[in-house]
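Open the model in your viewer and keep the selection tool ready. The tour goes from the ligand to its pocket, then to the other spaces.

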Amino acid sequence: MSPTRFPISIEFFPPKTPEGVEKLRVARQQLYALKPEFCSVTFGAGGSTQEGTFSTVSAILAEGVPAASHFSCIGATHARVREQLATLKAMGVKRLVALRGDLPSGYGTGGEFHYASDLVAFIRAEMPDDFHIEVAAYPEMHPQAKSPESDVKAFAAKVQAGANSAITQYFYNPDAYFRFIEEADALGVRVPVVPGIMPIASSSQLMRFSDACGAEIPRWIRLRLQSFGDDTASIKAFGLDVVTDLCEQLRAGGAPGLHFYSMNQSAATLEICKRLGV
Ligand code: FAD
């Protein structure tokens, strides 16, 4: 199949060691073949990875690729956020993924921002035109939300506060995404909501992440992954089939693009995009 233009973006996390920095540099170079719309870099709880996030974002910009910095506000003051936004602007960052974030347990709930919608409103008030703002969306509901309805309303509030587009938590059930889009549309949301895609590389890692972030692994996928035991080749082959099929359904159903949670690895994202003809 000849490649077709379908927007993709790719997410990285800031490496903690010099070896990790080098491995990510190599992975990025391979992934740039996909011509991503942008690459984003996560931001640790309470700003704990700020240095690594900003230096990874700078490296991507220096490679001539648009970069988005994730940015979380929980526990932060207005003055601190103002200062960090000025730094990002000076670095040439034009896109942010604006989040509430989570504080590690024991940190309390201090700070001058309560929800991501507060951060979006703050950015728009302080620097109206400087950033394209992405926000997070949860087709299977954010784990702390009171109900699915209140969570979709909280999402719509972020868009009303000034978000330009959204990226979802990952999921393996496309119906949850399509339903979420319908519900957000009914609340007047008209911005692109791009599905977040988590390639499956390791069974234990996927279970751990999914428990933490509330993403459901459907029973049929969980059982098959368990049945492979330590057979990583079978897990990877199965994961590629399942995730490529998911992406195909999302594209056919009108998803405006795909955002890959690369986990700083290139192979799975490259193979899925090859199979999709992207
Ligand atoms: P919010 O949108 O503020 O929502 C948080 C909770 O509050 C939800 O349950 C919502 O329903 C509820 N809520 C919102 N507004 C109201 C209101 N007015 N009244 C009552 N309830 C309300 N975490 C990181 O630490 N670093 C990252 O880089 C990072 N990147 C992410 C990228 C994506 C695409 C996604 C989907 C998640 C990411 N996360 C990241 C995880 C995220 O920080 C957590 O899920 C966090 O718990 C919520 O952040 P949020 O911005 O979605 O919060």
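A polar contact here is a pair of N or O atoms within 3.5 Å; within protein, one must be able to donate a hydrogen and the other to accept it, and residues adjacent in sequence count only if both atoms are side-chain atoms. This is a predicted model, where local features need pLDDT of at least 70, side-chain atom pairs count only at pLDDT 80 or more, and totals for chains, interfaces and linings use all residues. Residues are numbered from 1 along each chain as its sequence is written, and side-chain values use heavy atoms, with hydrogens and water left out.

**Stop 1**

Select Asp151 and the ligand. A polar side-chain atom of Asp151 is 2.6 Å from a ligand oxygen. Next, pick Arg100: one of its polar backbone atoms lies 2.7 Å from an oxygen atom of the ligand. On its own, the ligand has 970 Å² of accessible area (Shrake-Rupley method, 1.4 Å probe), and the protein covers 82% of that.

The shell holds 21 residues, and Phe43, Asp102, Tyr138, Asp151 and Lys158 come nearest. By class, ten are nonpolar, seven polar and four charged. Ala, Val, Leu, Ile, Met, Phe, Trp, Tyr, Cys and Pro count as nonpolar, Asp, Glu, Lys and Arg as charged, and the others, Gly among them, as polar.

**Stop 2: the largest pocket**

Where does the ligand sit? It sits in the largest pocket, as more than half of its atoms lie within 2 Å of the pocket's grid points. The grid has 1 Å spacing over the protein atoms alone; a pocket is an open set of points with protein on both sides within 12 Å along at least five of seven lines, a cavity is a set where a 1.4 Å probe fits but cannot get out, and lining residues have an atom within 4 Å of a point.

The space in this pocket is about 1,800 Å³, counted as the space filled by probe spheres set on the points, which are joined across faces, edges and corners. Of its 47 lining residues, select Leu99, Gly101, Asp102, Tyr138 and Gln169, the closest to the centre. Colour H5 (148-160) next. H5 gives the most to this lining, six residues. Helices (H or I, at least four residues) and strands (E, at least two) are DSSP runs, numbered from the N terminus. The lining has 27 nonpolar, 13 polar and seven charged residues.

**Stop 3: the second largest pocket**

Move to Ile200, Ala201, Lys236, Gln265 and Ala268, which lie nearest the centre of this pocket among its 20 lining residues. Its volume is about 400 Å³. Highlight H10 (267-276), which gives the most to the lining, four residues. Twelve lining residues are nonpolar, six polar and two charged.

**Stop 4: the cavity**

How many cavities of 30 Å³ or more does the whole structure have? The search finds one. Select its lining, including Tyr138, Gln169, Phe171 and Cys213. Seven of the lining residues are nonpolar, two polar and one charged.

Terms used
Near = heavy atom within 4 Å.
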